[in-house]
Amino acid sequence: MANACNVPSRTIFTGDNLDILRGINSECVDLIYLDPPFNSNRTYAAPLDSEARGAEFDDVWTLDDMKEEWLDEIEIRMPALFHLINGAKLAHGESMAGYLTFMSVRLLELHRVLKSTGSIYLHCDDTAAHYLKSIMDALFGWRNYRAGIIWKRTSAHNDSRRFGRVQDYILFYSRRGMINADDIRIPLDPEYVEQFYRYEDARGVYRLSDLTAPRIGTGETGRLWRGHDPNKSGRQWNAPLRGHYAAWIEENFIPGYREIVSPLARLDALDDVELIYHPPNNGMPALKRYLESNPGQVPTALWIDISPVGPHARERTGWKTQKPLALLERIIAASSNPGDLVLDPFCGCATACIAAEKLGRQWIGIDILPQAAEVLRDRARRELQIPLDDGDGSGWEDWTPFILTEPTRRTDLTLLHPLDIKSEKDLLYRSQMGRCIGCEYELPLHVLTIDHIVPRSRGGLDAVGNLQLLCHTCNAIKGNRTMEYLRTELRRREILTD
Ligand SMILES: C[S@@+](CC[C@H](N)C(=O)[O-])C[C@H]1O[C@@H](n2cnc3c(N)ncnc32)[C@H](O)[C@@H]1O
Ligand SMILES: [Zn+2]
């Protein structure tokens, strides 16, 4: 399967995800799930007798994590994040600022590699959830925030003198408002079934639902049917015409049901096959809705039905922060389609990779620990029944994960040869319509100079998209700083007035 990505599917990288993400093409990933360290102030180590033995990572942060160049980069690429980090430093302290800096540079790259139609799920706990939410709002757009999923990750909590912290948070952002609801339905809540499905006939258990809708009906929907006048109670007839139940009726009882345009004829048809309940006291007839037809409910944002990986679970690897496959399967099924590319930049024992593989998605996993690749191979053999044979390579023909320790090279950047930059200048001049991008004055070509939007000293490339023309004055004011700085300064000097 081809993707626009420069990394083949089924790749597990072992290395720092920042370096690796910088080598992945822009806008080629459909779904990102990340479960980073939470700033929990703990060190996690896997037991020596487990599959993940040797895997250990620190979740302790200091201001040293807040590398100066990362902060500079954040300031240039997204000033809002820079301010949020500084706010957190004042409100919470340096460790939090260090953690958020670590996260922000990576989230900037994740934002770049995610397709505009893609979705991202950030798994965290309440140590930093609120700061991460602000950062995600700024970066992915607060309008694209779809849910703050709460996952009940453990049932018991020993400390009975506090409110037990049994929940994790999963922040979900996507431009698409919808999830693949039908792919993740779960059984109805038994309490709900008991409360509402109180009737039974030879066909099975059913509940009653209204055959009318609010508003007086002026046409046929307002007429008498079997002696009942819906208008009396300010309503009109409304036998289902669309939706799941109408389809079920058509499939099981009334061929062509959804083509019956007349509302009263629909009622007659339903009555003929005994799908209408007539109360003994001559009350309003109601529609029978059989439990059997119910496709289950779409989970709410409160997930209490997925248990943590138990001590004897088959899927257990020993990785301290291992998440259940069921959790990842729900996320992947909800927000991607078969063949889509899923990326987990903190993949640990490769749970997201295994879940993606099971659901027929492409995947890339990254973890700083080399054990991640070993665990992936063990899990593939055990959970996907893929016979791995390192000796002669048999068993791998159809299923070969790539295990890479170095970042790949991006193939979507048009790097310019120094000689080409001259002609690039003409192109820029035309696209800027002969104006300086800063002060907006129309000027002759020879007084404009090429500026790197992200300066070369901060990793900005001689690449299309990172170059613009500025006049000498604007160039001198901007120096190595951001366009935002230049504009503010031009306004202060009243060169720009808007
Ligand atoms: C909370 S765990 C992820 C667990 C994973 N969801 C699973 O089910 O196994 C976080 C992972 O991030 C990895 N990690 C920490 N810093 C990293 C970095 N800079 N680059 C890549 N991985 C990193 C750790 O090694 C650890 O495995
Ligand atoms: Zn200018």
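## Contacts of ligand 1

A polar contact is a pair of N or O atoms within 3.5 Å. In this predicted model, an oxygen atom of ligand 1 lies 2.9 Å from a polar backbone atom of Cys 349, and that pair therefore falls within the 3.5 Å cut-off for a polar contact. Side chains take part as well: an oxygen atom of ligand 1 is placed 2.7 Å from an N or O atom in the side chain of Thr 351, and an oxygen atom of the ligand is likewise 2.7 Å from a side-chain N or O atom of Asp 367. Of the 600 Å² of accessible area that ligand 1 has on its own, the protein covers 96%.

The surroundings of ligand 1 comprise 22 residues, of which the closest are Asp 35, Thr 321, Lys 323, Thr 351 and Asp 367. By residue class, the shell around ligand 1 consists of 11 nonpolar, 6 polar and 5 charged residues.

## The zinc site

Ligand 2 is a zinc ion, and the SG atoms of Cys 436, Cys 439, Cys 471 and Cys 474 coordinate it at 2.3 Å. Along the chain, the donors of this zinc ion follow the spacing C-x2-C-x31-C-x2-C. The arrangement is tetrahedral because the angles subtended by the 4 donor atoms around the zinc ion run from 102 to 116 degrees, and four donors count as tetrahedral if all angles lie between 85 and 135 degrees.

Two of the coordinating residues can also be described by their accessibility. Cys 471 has a relative accessible area of 8% and is buried, while Cys 474, at 1% relative accessibility, counts as buried too; the cut-off that applies here is under 20% relative accessible area.

## Aromatic pairs

A pair of aromatic rings is described by the distance of the centres and the angle of the planes. Across the whole structure, a search finds 14 aromatic pairs. One of these is formed by Tyr 192 and Tyr 197, whose rings are 6.4 Å apart from centre to centre with 70 degrees between the planes, an edge-to-face arrangement. Tyr 192 counts as partly exposed at 30% relative accessibility, whereas Tyr 197 is buried, with a relative accessible area of 8%.

The rings of Tyr 199 and Tyr 206 form a stacked pair, because their planes stand at 15 degrees, with the centres 5.6 Å apart, and planes under 30 degrees apart count as stacked. Within this pair, Tyr 199 is partly exposed at 26% relative accessibility, but Tyr 206 is buried at 4%. Both tyrosines belong to a cluster in which ring pairs link Tyr 199, Tyr 206, Tyr 245, Trp 248, Phe 253, Tyr 277 and Tyr 290.

Terms used:
Residues are numbered from 1 along each chain as its sequence is written. Chains are lettered from A and ligands numbered from 1 in the order in which they are written. This is a predicted model: local features need pLDDT of at least 70, side-chain atom pairs count only at pLDDT 80 or more; totals for chains, interfaces and linings use all residues. Side-chain values use heavy atoms; hydrogens and water are left out. Donors are N, O and S atoms within 2.8 Å of the metal (3.2 Å for Na, K and Ca); water is not among the atoms, so sites may look incomplete. Four donors count as tetrahedral if all angles lie between 85 and 135 degrees; four count as square planar and six as octahedral if opposite donors are over 155 degrees apart and all others between 65 and 115; anything else is irregular. Buried means under 20% relative accessible area, exposed over 50%, partly exposed in between (1.4 Å probe, protein chains only). A residue is near a molecule or strand if one of its heavy atoms lies within 4 Å of it. A polar contact is a pair of N or O atoms within 3.5 Å; within protein, one must be able to donate a hydrogen and the other to accept it, and residues adjacent in sequence count only if both atoms are side-chain atoms. Accessible areas come from the Shrake-Rupley method with a 1.4 Å probe; for residues, only the protein chains shown count as cover. Ala, Val, Leu, Ile, Met, Phe, Trp, Tyr, Cys and Pro count as nonpolar, Asp, Glu, Lys and Arg as charged, and the others, Gly among them, as polar. Rings of Phe, Tyr and Trp (its six-membered ring) pair if their centres lie within 6.5 Å; planes under 30 degrees apart count as stacked, over 60 as edge-to-face and the rest as tilted.
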